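Student: I have just opened this model and would like to be walked through it. Could we start with a salt bridge and work outwards from there?

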Amino acid sequence: VENSSLCRCGKETVRSSLTLLFTMHYPEQNSQEKTVKEYDFAEILKKSICLEQSTQASAEEAEGASLYDLVVTVPHVLDARTGGNLIAHIKVGETYHQRKEGVTHQQWYLFNDFLIEPVDKAEAAQFDVSWKVPAILYYAKRNYHTKYDLRIKNPIDASVLLTEASLARKQRKSHATFIPLMVSEMPQAGDLVGLDAEFVTLNQEEAELRSDGTKSTIKPSQMSVARITCVRGQGANEGVPFIDDYISTQEQVVDYLTQYSGIKPGDLDAKISSKHLTTLKSTYLKLRFLIDTGVRFVGHGLQKDFRVINLLVLKDQVVDTVYLFHLPRKRMISLRFLAWYFLDLSIQGETHDSIEDARTALQLYRKYLELSRGGGTDEVRKVLKGLYEKGRQMDWKVPESDTGDGQGSPKSAAVFPSVMGL
């Protein structure tokens with residue numbers, strides 16, 4: 001059976017359907033007419049099958065018409081033992097695939113607690129009330145991106161980078177380790193920002209030893225960000241920190257990792273800390289503003305840091321010196337060894353300091369650009385081969401400083417102005 005709809009614009013839409021049962025529709029008789037019009041059975045059957053109705057059907061091209069596409073389904077997967085759980089099917093558009101894979105297509109993906117995987121579009125809209133019950137169906141207007149401005153407008157104001165009070169009761173201006181940005185220094189898209197993050201452990205890893213002697217991790221350790229430092233990447237005050245936040249936490253810290261983080265017991269406690277203590281939300285707002293502004297972050301091991309911090313940053317916004325000074329299928333090189341080899345700097349002597357690490361990463365990036373301009377890719381590869389050869393000779397250990405003052409290389413004190421000097 002074909003159902004035909006004729007729009008006022010003249011467009012005819014035909015839909016096919018299979019119908020096995022028909023209701024007989026007999027013509028209405030006009031009571032004023034004296035004679036009764038006769039119809040044969042075939043004619044009545046035809047009119048019952050081919051119904052004619054006057055409806056306001058709309059064509060796609062008709063003025064004012066809107067078409068909606070199904071883009072998200074959220075079914076409830078039933079489970080008598082656990083009560084079930086929600087999963088999501090999301091139709092990911094062309095923009096994402098063009099940016100990530102260089103192809104132009106749309107694809108449905110299944111999202112649940114454990115994985116994300118592509119699925120067929122039929123699975124996304126297929127339900128069975130015995131185990132898969134639809135909870136949410138989300139439709140989006142077709143071609144809405146051509147009619148509306150969908151550019152993300154940053155909801156976070158630049159004021160988040162200005163001066164803020166510390167949660168620490170003992171914090172004094174004389175203890176300041178950073179200088180907030182002035183209005184004239186507000187970052188722009190493409191500006192460099194040196195960044196380093198330090199973490200503490202909230203829960204230790206739980207593991208068991210198998211009978212064959214191998215270790216099995218039952219529960220991985222839980223890390224929490226404890227310090228975020230951002231330094232200026234250009235301008236007269238290049239290298240001067242404008243964010244140096246210690247993150248207050250109410251959870252029990254089981255390991256401050258002081259040797260690697262520089263965080264000491266009490267640094268995150270508002271009652272006794274002398275650091276600039278903030279909330280995680282406050283620091284997140286600052287980082288989110290910088291990310292949305294489009295700055296380029298420079299640091300060592302930044303990709304891992306952002307993953308632990310749980311912030312998504314586009315790859316072209318991250319300059320990670322771990323990968324700049326790395327040859328394929330070779331070991332990753334520490335920031336300390338790179339600083340000694342390329343910059344003649346002695347850093348991370350007794351412990352790590354995020355300001356020092358962020359500054360050093362900026363200098364290494366400048367050095368990388370200098371090498372690239374000098375001889376291109378071939379020159380950089382030649383230099384990296386020499387780096388790896390030297391590293392193997394020294395077993396990747398930096399020699400002890402010979403300056404005698406315990407402060408490392410003379411360069412370490414003169415490259416950037418001090419905070420208090422400004």
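**A salt bridge and its surroundings**

Tutor: Asp245 forms a salt bridge with Lys286, and their closest N and O atoms are 2.7 Å apart; a salt bridge here is a side-chain nitrogen of Lys or Arg within 4 Å of a carboxyl oxygen of Asp or Glu. This pair links distant parts of the chain, since Asp245 belongs to strand E13 and Lys286 to helix H6, 41 residues apart. This is a predicted model, in which local features need pLDDT of at least 70 and side-chain atom pairs count only at pLDDT 80 or more, while totals for chains, interfaces and linings use all residues. Residues are numbered from 1 along each chain as its sequence is written, and side-chain values use heavy atoms, with hydrogens and water left out.

Student: Are Asp245 and Lys286 buried or exposed?

Tutor: Asp245 is buried, and Lys286 is buried as well, where buried means under 20% relative accessible area, exposed means over 50%, and partly exposed lies in between (1.4 Å probe, protein chains only).

Student: And what about Asp292 and Arg288, where do they sit?

Tutor: They are four residues apart in helix H6, which means that about one helical turn separates them, and their side chains meet in a salt bridge at 3.1 Å, N to O. Asp292 is partly exposed at a relative accessible area of 37%, and Arg288 is also partly exposed, at 26%.

Student: How many salt bridges does the count come to?

Tutor: The count comes to ten. One of them is between the side chains of Asp79 and Arg81, at 3.5 Å, N to O; Asp79 is partly exposed at 27% relative accessibility, whereas Arg81 is exposed, with a relative accessible area of 76%.

Student: Switching to the strands, what order does the open sheet of six strands have?

Tutor: The order is E14-E13-E12-E9-E15-E16, with mixed pairing; strands (E, at least two residues) and helices (H or I, at least four) are DSSP runs numbered from the N terminus, and two strands pair if DSSP finds at least two bridges between them. Strand E14 (277-278) and strand E16 (318-320) stand at the edges with a single partner strand each, so one side of each has no neighbour in the sheet.

Student: How does E13 pair with E14?

Tutor: Strand E13 (residues 241-247) pairs with E14 in the parallel sense over two bridges, and Ile247 stands opposite Thr278 in E14.

Student: Which strands does helix H6 lie across?

Tutor: Helix H6 (residues 280-293) lies across strand E9 (192-203), strand E12 (222-232), E13, E14 and strand E15 (296-299), and runs at about 145° to E13. Helix H7 (residues 302-309) lies across E9, E12, E15 and E16, running at about 55° to E9. Axes are lines fitted to C-alpha atoms, for helices over the stretch in contact, and angles run from 0 to 180 degrees between N-to-C directions, with contact meaning heavy atoms within 4.5 Å.

Student: Finally, how many helices and strands does the protein chain have, and what share of its residues count as buried?

Tutor: The protein chain has eleven helices and 16 strands, and 33% of its 422 residues count as buried. Among its contacts with a separation of 6 or more, 59% are accounted for by residues 24 or more positions apart.
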